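Reader: I am new to this structure. Please walk me through how to read its features, one at a time.

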Amino acid sequence: MIKVLVCGASGRMGREVVKAVAREEGLTLVGAVDIRDIGKDAGELAGIGSIGVVIEDDLEEVLKRASPDVMVDFTTPASVKNNIRKAMENRVVPVVGTTGLKNEDIEDIKRWAEELGVGAFIAPNFSLGANLMMQVAKQIGKYFKAVEIIELHHDKKLDAPSGTAIRTAQLLSEGEVMPSLEEGQPSRGDTRWGIRIHSVRLPGLVAHQEIIFGGQGETLTIRHDAPSRECYMPGVITAIRKAVGLKEVIVGLDKLLGL
Ligand code: NAP
């Protein structure tokens with residue numbers, strides 16, 4: 001049995017993870033941490049009825065008492081790094097979906113992994129479709145040199161641009177796409193690795209992204225839509241299974257799926 005703790009268990013993604021872990025053979029939920037809904041049953045919050053695991057707010061204490069193999073984190077950009085550190089110090093491998101970690105943060109986490117001998121898995125996007133979109137974009141970027149990204153999310157999302165858009169720009173920048181020319185005009189979005197990213201935040205949306213390539217007299221658009229959060233769960237479950245005993249830091253679901 002793989003013992004799993006979910007951090008951010010009361011949130012939109014956390015509740016979906018609680019549901020997925022509860023129905024998965026070979027996985028057992030041993031802890032649920034959040035700063036809201038303390039004392040409530042995590043299963044009831046997730047809509048699957050009581051599972052006997054209540055929401056607690058002291059991550060350190062739950063890590064020590066429940067000694068999980070893996071901690072899944074879907075919290076906030078402000079708290080995720082601290083949560084990762086606590087998990088690794090307690091020899092628990094973090095599987096991180098929370099976005100907003102910067103390159104410097106990833107470097108720190110890699111250093112902690114070397115010091116503590118405990119790895120981590122970090123994925124800005126756990127959906128198969130979004131990861132395929134990024135890989136296909138990299139291929140198209142060999143032929144279409146001009147590109148911009150539009151990412152569209154629900155209005156409660158805390159970070160912008162999205163982690164997926166930043167990762168897409170990073171992957172495209174490893175190829176030969178042409179950075180957009182002028183920098184820093186708000187009406188033209190933000191830039192990462194010289195690639196423009198436009199962020200839309202509206203109620204009614206969940207998570208969507210378009211990558212538009214411009215060529216001579218033509219454009220090519222690829223688009224991914226996640227109208228609900230269930231699309232992330234196969235990726236999260238795969239990551240939990242592969243994270244047990246992990247000693248290094250792996251970034252990106254594509255690495256686990258061999259894309
Ligand atoms: P959410 O609904 O706001 O859930 C986050 C939960 O974490 C909230 O209940 C929040 O409480 C709680 N929290 C805040 N600080 C905490 C702490 N220190 N310890 C424990 N819990 C804490 O957000 P969401 O929509 O689930 O998204 C969570 C993260 O996942 C975001 O960064 C989002 O971008 C990312 N995400 C990633 C993927 C992926 O595939 N990798 C997919 C979707 C979303 P409060 O509300 O009281 O702050």
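Author: Start with the term pocket. On a 1 Å grid over the protein atoms alone, a pocket is an open set of points where a 1.4 Å probe fits, with protein on both sides within 12 Å along at least five of seven lines. Lining residues have an atom within 4 Å of a point. Grid points join across faces, edges and corners, and a volume is the space filled by probe spheres set on them. Here, the largest pocket has a volume of about 1100 Å³. The model is predicted: local features need pLDDT of at least 70, side-chain atom pairs need 80 or more, and totals for chains, interfaces and linings use all residues. Residues are numbered from 1 along each chain as its sequence is written, and side-chain values use heavy atoms, without hydrogens or water.

Reader: How many residues line the largest pocket, and which lie nearest its centre?

Author: The lining has 48 residues, with R12, M13, F74, T75 and T76 nearest the centre. Elements that give two or more residues to this lining are α1 (12-23), α4 (80-89), α6 (128-140), β7 (146-153), α7 (163-173) and β10 (207-215). Such helices (H or I, at least four residues) and strands (E, at least two) are DSSP runs, numbered from the N terminus.

Reader: Where does the ligand sit?

Author: A molecule sits in a pocket if more than half of its atoms lie within 2 Å of the pocket's grid points. The ligand takes up the space of the largest pocket.

Reader: Which residues come nearest the ligand?

Author: Near means that a heavy atom of the residue lies within 4 Å. The ligand has 23 residues around it, and M13, R36, T99, F126 and K157 come nearest.

Reader: What about the backbone itself?

Author: Look at two spots. A cis peptide bond joins A160 and P161, with omega about -5°. P161 is in the loop between β7 and α7. D37, a residue other than glycine, has a positive phi near 60°. D37 belongs to the loop between β2 (27-33) and α2 (42-46).
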